[in-house]
Amino acid sequence: MGASAAVPLLGSGTATAAPLAPTPGGGATPVQGLHLTFGRDPARQMVVSWLTDGPVRRPRVLYGTLDAGFGSYAPAVTRSYVDGTSNRTVWVHHAEIDRLCPNTEYLYIAQHEGATPDAGTFRTAPSGRSAFTFTSFGDQSAPQVTWDLKGAPALDFFSTPATKDIVTGIETVAPLFHLLNGDLCYANLDVDRVRTWNNFFTNNTRSARYRPWMPAAGNHEIEKQNGAIGLDAYQAYFQLPSTETDPELAGLWYGFTVGSVRVIVLQNDDNCLQDGGDVYVNGYSGGRQLAWLEKELAAARAARDVDWIVVAMHQVMISTSDANGADLGLREKYGPLFDRYGVDLVLCGHEHDYERSLAVRGVLSESETLTPNPVSDATDHIDTTHGTVHMILGGGGVSGTTNGSFFKDGTGKVLTAVADKRDPATGKRKPTYVREKAVWSAVRDLDHPYGFAAFTVDPGRRPGGATTLHVTYYNVNKPTGELSVFERFSLHRKRADG
């Protein structure tokens with residue numbers, strides 16, 4: 001259990017009554033879909049969340065260490081939303097545990113009156129520069145059956161066995177945390193959206209109860225009749241370290257720091273051109289997200305305790321697949337900021353394949369598509385002080401994979417505009433595409449549809465010295481789900497404390 005034996009057990013600071021004993025089952029709706037997210041300080045805060053089919057009394061979390069026992073507890077706050085197509089209410093309970101010790105393993109029990117408790121463990125983030133591993137993929141879906149409109153059994157939309165196998169793969173690597181880069185479960189496409197969300201958490205709790213899964217909302221999280229911008233369900237299911245004060249926008253973009261890595265999570269439908277959700281919401285924040293992003297990037301790059309800036313988001317700025325394509329809106333709005341503040345790594349989903357770029361900075365001259373400019377042809381050991389590496393990690397388990405749709409002539413396509421009105425045939429605004437020479441493309445996986453990346457931080461040994469991010473991309477192979485290594489490479493830069 002690490003070096004936690006001599007660490008005193010600290011309370012949550014939110015309750016002073018005597019610790020509560022776990023209660024036996026008593027007919028209440030059970031604890032379901034147990035999952036973790038970081039609080040604003042990942043070294044000292046963790047949020048435990050779970051779902052119920054009805055309202056419950058006294059939701060709370062007991063927690064402690066193996067050596068000291070369950071000496072503390074934190075009450076949970078309940079959020080609910082009403083699904084706009086079924087009129088069903090979903091209750092989600094979030095208990096934020098505070099004043100934890102850095103780099104320490106804890107045990108916890110989630111419970112409410114009358115139900116059997118459920119439990120898990122977690123490790124808090126280190127405080128200061130330290131070695132650790134995190135993982136990432138996007139575009140997962142949910143590997144469960146549902147009912148179709150006629151009442152017959154059917155699969156959740158886009159479901160495959162890989163949706164389950166990849167969770168086992170994440171647990172095999174056992175990262176400190178996981179980044180889930182949008183299109184979580186595709187509930188917006190299913191007849192029973194509430195069941196699909198429940199299936200998603202039932203699948204992922206095999207990992208998410210032991211380590212935080214930090215999500216970015218993608219276009220398939222936008223659900224008709226679920227709030228002004230269609231994200232009520234997503235915002236109810238996750239409590240995220242957002243600083244946004246507008247409740248309608250809370251949790252849609254946020255940042256957190258682990259060791260020397262600042263992670264910035266974005267919601268791209270605000271800034272991309274593509275019409276991909278149930279509701280077209282381009283520009284919904286009125287520039288609020290972009291202003292926040294610039295402030296975040298400036299602060300991160302100025303900080304002497306932050307070496308790496310990693311952006312997690314859904315839609316992409318690079319692609320050589322004849323699928324969604326790169327989005328000019330993101331290139332216009334994000335590109336100058338990523339360049340100005342030296343973003344090291346951008347992690348996406350959206351295209352259902354694996355691709356990564358060379359280090360890029362700026363754009364090719366006279367390019368109508370703002371084609372990213374490669375600053376080096378290095379693919380194994382990359383200096384990110386000169387440019388940003390983009391990775392598409394869209395093989396999280398969804399069907400409709402696009403690794404067979406890569407252009408073979410060294411080009412890609414860029415979505416440069418959408419029509420003002422919806423196409424009656426598709427219900428979407430028709431896109432306009434322009435082809436470009438993909439001079440920035442480095443590596444693609446043409447043969448394997450499913451996989452995820454693991455990132456291991458080597459913080460270096462001295463102020464101002466080198467720090468390295470070691471990257472491994474794993475295939476999750478059909479039909480049994482075993483892992484194999486597709487490639488390894490590394491990013492490096494000088495530490496910010498020099």
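Analyst: Happy to! A word on terms before the tour: helices (H or I, at least four residues) and strands (E, at least two) are DSSP runs, numbered from the N terminus. Also keep in mind that this is a predicted model.

User: Thanks. How many helices and strands are in the protein chain?

Analyst: The protein chain has five helices and 29 strands. Its radius of gyration is 22 Å, close to the 23 Å from the globule rule for 498 residues, so the chain is as compact as a globular protein of that length.

User: And what box do the C-alpha atoms fill?

Analyst: Roughly 70 × 65 × 45 Å, taken along the principal axes.

User: What share of the residues counts as buried?

Analyst: Of the 498 residues, 59% count as buried. As for the surface, the protein chain exposes about 18500 Å², and carbon and sulfur atoms supply 52% of that area.

User: What about contacts between residues 24 or more positions apart?

Analyst: Among contacts with a separation of 6 or more, 73% are between residues 24 or more positions apart.

User: How many positive and negative side chains are there?

Analyst: There are 45 positive and 54 negative side chains, and the centres of the two sets lie 3 Å apart.

User: Switching topic: which domains does UniProt list?

Analyst: An unreviewed UniProt entry gives "Purple acid phosphatase N-terminal" at residues 32-124. For "Calcineurin-like phosphoesterase", also from an unreviewed entry, UniProt lists residues 175-354.

User: What's the helix and strand content over residues 32-124?

Analyst: Residues 32-124 are 0% helix and 59% strand, with the end C-alpha atoms 23 Å apart. Over residues 175-354 the chain is 28% helix and 17% strand, and there the end C-alpha atoms are 20 Å apart.

User: Which residue other than glycine has a positive phi?

Analyst: Arg-99 is one of them, with a phi of about 55 degrees. Asn-103 is another non-glycine residue with a positive value, near 50 degrees. You'll find Arg-99 in the loop between strand S6 (89-97) and strand S7 (105-111), and Asn-103 lies in the loop between S6 and S7 as well.

User: How exposed is Arg-99?

Analyst: Arg-99 has a relative accessible area of 46%, so it counts as partly exposed. Asn-103 has 42%, and therefore it is partly exposed too.

User: Let's go to Ser-357. Is it buried or exposed?

Analyst: Ser-357 is at 0% relative accessibility, so it counts as buried. It belongs to strand S19 (residues 354-357).

User: What is Ser-357 in contact with?

Analyst: Leaving aside neighbours within four places in sequence, Ser-357 contacts Ile-318, Thr-388, Val-389, His-390, Trp-440 and Ala-442.

User: Which strand holds Leu-415?

Analyst: Strand S24 (residues 411-422) holds Leu-415. At 1% relative accessibility, Leu-415 is buried. Beyond four places in sequence, the residues touching Leu-415 include Leu-273, Ala-326, Leu-328, Pro-431 and Tyr-433. Leu-415 and Leu-189 are 226 residues apart in sequence, and their C-alpha atoms are 23 Å apart.

User: Great, thanks for the tour!

Definitions and conventions: Residues are numbered from 1 along each chain as its sequence is written. This is a predicted model: local features need pLDDT of at least 70, side-chain atom pairs count only at pLDDT 80 or more; totals for chains, interfaces and linings use all residues. Side-chain values use heavy atoms; hydrogens and water are left out. The radius of gyration is taken over C-alpha atoms; the globule rule is 2.2 Å times the number of residues to the power 0.38. Buried means under 20% relative accessible area, exposed over 50%, partly exposed in between (1.4 Å probe, protein chains only). Contact means heavy atoms within 4.5 Å. Accessible areas come from the Shrake-Rupley method with a 1.4 Å probe; for residues, only the protein chains shown count as cover. Lys and Arg count as positive and Asp and Glu as negative; His and the chain ends are not counted. The place of a charge is taken as NZ of Lys, CZ of Arg, CG of Asp or CD of Glu. UniProt positions are given in the numbering used here, feature names are shortened, and annotations may be inferred rather than shown by experiment.
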